[in-house]
Amino acid sequence: MIELRDLRKTYTPKGSATVRALDGVSLRIERGELLAIVGASGSGKSTLLNVLGLLDLPTSGGVLYDGRDVTGLSPREQARLRNEKIGFVFQAFHLLPRSTARENVELPLLYSERRSIDSLAERALEIVGLADRAGHRPSELSGGQQQRVAIARALVNEPDLVLADEPTGNLDSRTAGEILELFAKLNAAGRTIVVVTHDAGVAKACGRTVRIEDGRIASDGRA
Amino acid sequence: MRTGRLVLAAFASLRRFKLRSAAMVVGSFVGVAALTLVVSVGGGVERKVLSTVRQIFGERSVLVVAGGSNLLTGPRAGAARLTLEDLEAVAREVPQVEAWDAQQILPAAPIRRAGPSTTGEGGPSATARVVGQTERSPRVWSRTASGGAFFDAAAVSSSARVVVIGETVARELFGSEDPVDSEILVGPVSFRVVGVLERFGTDVHGMDRDDEVVVPLTTAMRRLLNVDTIAGAKLLVRSSARTEAVGREVARVLRERHGLPPGRPDDFMLITDVQVRKMVGNVQRVLFLFLPLAAGVSLLAGGAISAALMLSSVSARVSEIGIRRAVGARPEDIRLQFLLESASAALTGAVAGVAVGAALAELAARRMQLGSVLSVRAVLLGLLASLAVGLAAGVLPARRAAALPPAEALAARG
Ligand SMILES: Nc1ncnc2c1ncn2[C@@H]1O[C@H](COP(=O)(O)OP(=O)(O)OP(=O)(O)O)[C@@H](O)[C@H]1O
Ligand SMILES: [Mg+2]
């Protein structure tokens with residue numbers, strides 16, 4: 001379904017040496033996989049996930065969706081691809097603080113080509129178990145609840161792929177377990193999920209674990 | 001569908017940032033209100049000045065004013081002698097002079113209605129300017145009597161005690177009664193009212209020109225002022241192209257009669273349309289350079305407030321832009337959102353500013369008796385300027401933020 005070909009990404013911050021955040025990563029991700037990306041801090045996990053989700057472009061290399069390289073698409077086409085095919089979950093939740101849970105979940109629908117968006121947000125909130133908090137703002141929700149709102153937002157437009165960057169990094173272990181269960185449930189329902197994590201428990205629950213070291217794949221193992 | 005949702009979302013976003021939206025609205029409001037007020041009132045003042053100048057002066061006129069004197073406020077101490085004979089000589093020796101009228105003025109005199117009681121006490125009274133003029137005044141000053149009739153040449157040569165009164169005086173003394181043929185007292189002297197002056201209104205100096213009475217020049221000189229000089233005169237010239245040349249001729253005649261040797265300055269003053277145009281030009285410079293400049297400064301100040309707010313709004317919302325881009329907003333969707341937000345805030349303020357500025361302008365105009373002054377040009381200018389500021393301040397940075405890779409926008413603080 002997704003193929004990464006020899007991805008390279010370099011940063012050259014002002015006045016410092018060039019950093020090779022990705023240094024030749026090639027990877028195939030099959031439909032329906034639940035994949036964990038692990039590695040030390042600074043090893044390039046977030047960079048990989050961003051490039052995979054078209055939030056950032058590689059310096060070189062290809063990102064193929066169903067055999068088609070998408071790195072050359074216009075920003076407009078990339079936006080549409082993110083909107084329809086990909087849902088993101090971030091460590092810092094990244095909710096709009098002044099908007100309610102429902103408004104946050106509706107955000108991807110705003111930019112979709114759908115005719116009607118009625119009740120889709122409510123359905124997504126139901127899936128994550130927060131139907132009764134639709135009118136709350138992020139500040140009125142716990143960390144775990146905020147992350148579940150973010151997951152509902154990632155799901156609402158029914159994407160094939162969910163990309164999560166340390167989704168449990170800001171949560172205690174019990175809440176992290178709940179989020180993990182949610183991912184397992186979504187994966188069982190057929191979604192492809194890629195999770196960047198520091199948490200060994202999270203990695204163990206995934207069917208496949210890719211370890212990154214210094215911008216390269218150090219190991220790739222299936223459980 | 002999609003666009004409709006985005007438009008609604010932009011307005012929802014304005015509501016969410018109430019304080020900042022309100023401040024942006026106020027910023028544009030202040031500037032536009034000031035601009036509307038200043039440009040509208042300025043235009044009204046200009047029209048008033050021009051129409052008054054035309055009323056008093058006209059194209060073919062030369063004004064002669066006795067040295068140190070002022071046509072409307074009467075002789076000052078030490079004023080040089082300018083006499084009726086001087087003007088008669090000018091009219092004789094300068095063939096280009098088609099008609100002329102001389103004036104003498106008593107700036108303020110108590111005026112009473114002569115009551116039926118023999119004591120003369122108790123009738124309504126007023127204070128008005130008394131102007132002595134010749135029977136040619138209606139023609140030369142283009143102001144005649146609207147009720148009754150202006151006095152004739154016989155009245156002037158016989159120093160008759162007849163008077164044509166202004167509307168304000170008529171109202172104060174007679175209310176709604178017809179004053180013609182009534183008796184009034186100007187100071188201690190009794191006059192018969194023969195007419196009511198055409199309405200004039202307020203002149204450039206803010207003087208109510210209906211608050212005056214006109215008596216024959218000779219009557220004013222002998223019976224009221226006891227002088228044998230005049231304050232000034234207005235000459236009508238046959239051709240408007242010749243006023244400068246006529247002015248020189250008039251000066252020559254007067255200098256000769258006053259025995260002024262070469263090198264000694266004139267002891268009278270001549271005003272031709274060249275001077276008047278210069279004066280009007282000065283007025284216009286004030287109205288159309290300095291006032292709009294002041295308004296422009298306030299517009300800029302308001303604009304700067306809006307711009308600063310929009311800029312801080314965008315930079316505080318880079319991560320919001322990142323989130324929206326991550327979930328599928330195209331760069332142009334972000335641009336549209338900020339365009340709508342800043343334009344609607346700016347326009348809301350501008351519309352309110354136009355309304356308040358216009359109301360203030362009308363209020364000021366009423367006090368200055370300018371008539372209706374609202375300037376469409378000012379309104380359009382204000383709306384466009386505030387819109388431009390709103391767009392420049394909001395959309396350009398938003399555009400830059402929208403062009404960032406979403407990963408970078410998401411990493412931003414805020
Ligand atoms: N915008 C950037 N500018 C410069 N260097 C960057 C930038 N983003 C990432 N890097 C560098 O690239 C390398 C990989 O960063 P990345 O964020 O992918 O690491 P990570 O594996 O996600 O780490 P962590 O576990 O701490 O989140 C790091 O050395 C980092 O300093
Ligand atoms: Mg990271």
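Colleague: What makes strand 6 and strand 7 of chain A a pair?

Modeller: Two strands pair if DSSP finds at least two bridges between them; five bridges join strand 6 of chain A to strand 7 (residues 161-165) of chain A, so these parallel strands meet that definition. In one of the bridges, F90(A) has D165(A) of strand 7 as its partner. Strands are DSSP runs of E with at least two residues, helices runs of H or I with at least four, both numbered from the N terminus. This is a predicted model, in which local features need pLDDT of at least 70 and side-chain atom pairs pLDDT 80 or more, while totals for chains, interfaces and linings use all residues. Residues are numbered from 1 along each chain, chains are lettered from A and ligands numbered from 1 as written, and side-chain values use heavy atoms without hydrogens or water.

Colleague: What makes the approach of S41(A) to ligand 1 a polar contact?

Modeller: A polar contact is a pair of N or O atoms within 3.5 Å; a polar side-chain atom of S41(A) lies 2.5 Å from an oxygen atom of ligand 1, so the pair qualifies. A polar side-chain atom of T47(A) lies 2.6 Å from a ligand 1 oxygen atom, and a polar backbone atom of G42(A) is 2.8 Å from one.

Colleague: Which helix gives the most to the shell around ligand 1?

Modeller: Helix 1 of chain A does, with three residues.

Note on methods. Polar contact = N/O pair within 3.5 Å; in protein donor to acceptor, adjacent residues only side chain to side chain.
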